[in-house]
Amino acid sequence: METTVLAVERALETIELLSGAADGLSLAEISRELIINKAIASRLLETLEHAGYVWRDDTAQRYHLTYRVSNLGLRQLQQSGLLGQCTSLLEDLAERTGELVRLSVVERGEKITWVYAVVGTRRTLRIDPNFNFEVSLHSHATGKAWLMMLTPERAMELLRREGMAALTPHTNVDVKSLRKELDAASRRGFALTYEENEIGVGAVAAPIMAPRLSGGTECVGVVSVAAPTNRMTRADIDACGPLAAEVASRLALMWPLDERAPMRLQRPA
């Protein structure tokens, strides 16, 4: 008999699975991905549909997420006051660079997630900010910016857990080489990738090092700037690094002191 905890875990896995399926998934596909029989998958989907998290396209017989999940995340961000404080600085950076600017947050020291994206208006060719919601630690500038602020032991633990797949011919999959790269990035204050995660895209990212109530500072998020490589050379993108680092430093000053007790500080000037 399935326990309640297992049922909840499978329901959450179903939501995560559907979040990456733009065209939805069939019952058979969900059953196969979760390695459960169709009867269990059907009950999970019926429960999620009844709760308002999933809807079924009766014509195509495929399941999709509703906006309820994203609404919950936005509600959490709004209550923390975080996005309201950060938006103007991120929008200004997007206008200055003309490129895609993203904010990510570190969740419980275990994962880094993009929560906001804005694109400069003076460019006609743009990168889709919703192309991929997953941050690859070894190939995204955002991932590297987080790793470079961790101890070598913790960084390696996260890399071993995630793996270091070669996503393009330019992806750095050598541990020692990556460690040297992270050390150099830490010294200059931002990380860079150039066609390592996706051909045709380069990016820089700077960590947000905010004070904690327990003392010291901690990487609580990352600011990144991404651009098409047919518009920006590696040197051009590298030149955006100090701009991202400047915004990250300003965001650190207004970041909630403790994520468990968000504080509504002043909005950025």
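I began at Ala 191, which stands opposite Ala 205 in E6. Strands (E, at least two residues) and helices (H or I, at least four) are DSSP runs, numbered from the N terminus. Two strands count as a pair if DSSP finds at least two bridges between them.

A note on the source: this is a predicted model, in which local features need pLDDT of at least 70 and side-chain atom pairs count only at pLDDT 80 or more, while totals for chains, interfaces and linings use all residues. Residues are numbered from 1 along each chain as its sequence is written, and side-chain values use heavy atoms, with hydrogens and water left out.

**The sheet**

I looked up how E5 and E6 (residues 201-211) are joined, and found 4 bridges in an antiparallel arrangement. They belong to an open sheet of 5 strands, in the order E4-E3-E7-E6-E5, with antiparallel pairing. Which strands stand at the edges? They are E4 and E5 (191-194); each has a single partner strand, so one side of each is left without a neighbour in the sheet. From one strand to the next, the twist averages 20° (axes are lines fitted to C-alpha atoms, for helices over the stretch in contact, and angles run from 0 to 180 degrees between N-to-C directions).

Next I checked what lies across the sheet. Helix H10 (residues 241-254) lies across E3 (100-107), E6 and E7 (217-228), at about 25° to E6.

H3 (residues 38-51) has 14 residues and reaches 20 Å from its first C-alpha to its last, close to the 20 Å expected at 1.5 Å a residue (the expected span is 1.5 Å times one less than the number of residues). What caps its N-terminal end? Asn 37 does, with a side-chain oxygen 3.1 Å from the backbone nitrogen of Ala 39. That is a polar contact: a pair of N or O atoms within 3.5 Å; within protein, one must be able to donate a hydrogen and the other to accept it, and residues adjacent in sequence count only if both atoms are side-chain atoms.

I then followed the chain to E1 (residues 54-57) and E2 (residues 62-65), which run antiparallel and are joined by 4 bridges. Asp 57 stands opposite Arg 62 in E2. The hairpin has 4 residues between the strands, and Gln 61 takes a positive phi near 60°.

**Two loop residues**

Val 135 sits in the loop between E4 (111-119) and helix H6 (141-147). Is Val 135 buried or exposed? It counts as buried, because its relative accessibility is 8% (buried means under 20% relative accessible area, exposed over 50%, partly exposed in between; 1.4 Å probe, protein chains only). Beyond its neighbours within four places in sequence, Val 135 has contacts that include Ile 112, Trp 114 and Glu 162 (contact means heavy atoms within 4.5 Å).

Thr 168 is in the loop between H7 (152-162) and H8 (175-188). Thr 168 is also buried, at 8% relative accessibility. A polar atom of its side chain lies 2.6 Å from the backbone oxygen of Glu 195.

**Last look-ups**

I looked for disulfides (cysteine sulfur atoms within 2.5 Å) and found 0. Overall, I noted 10 helices and 7 strands, and 45% of the 269 residues count as buried.
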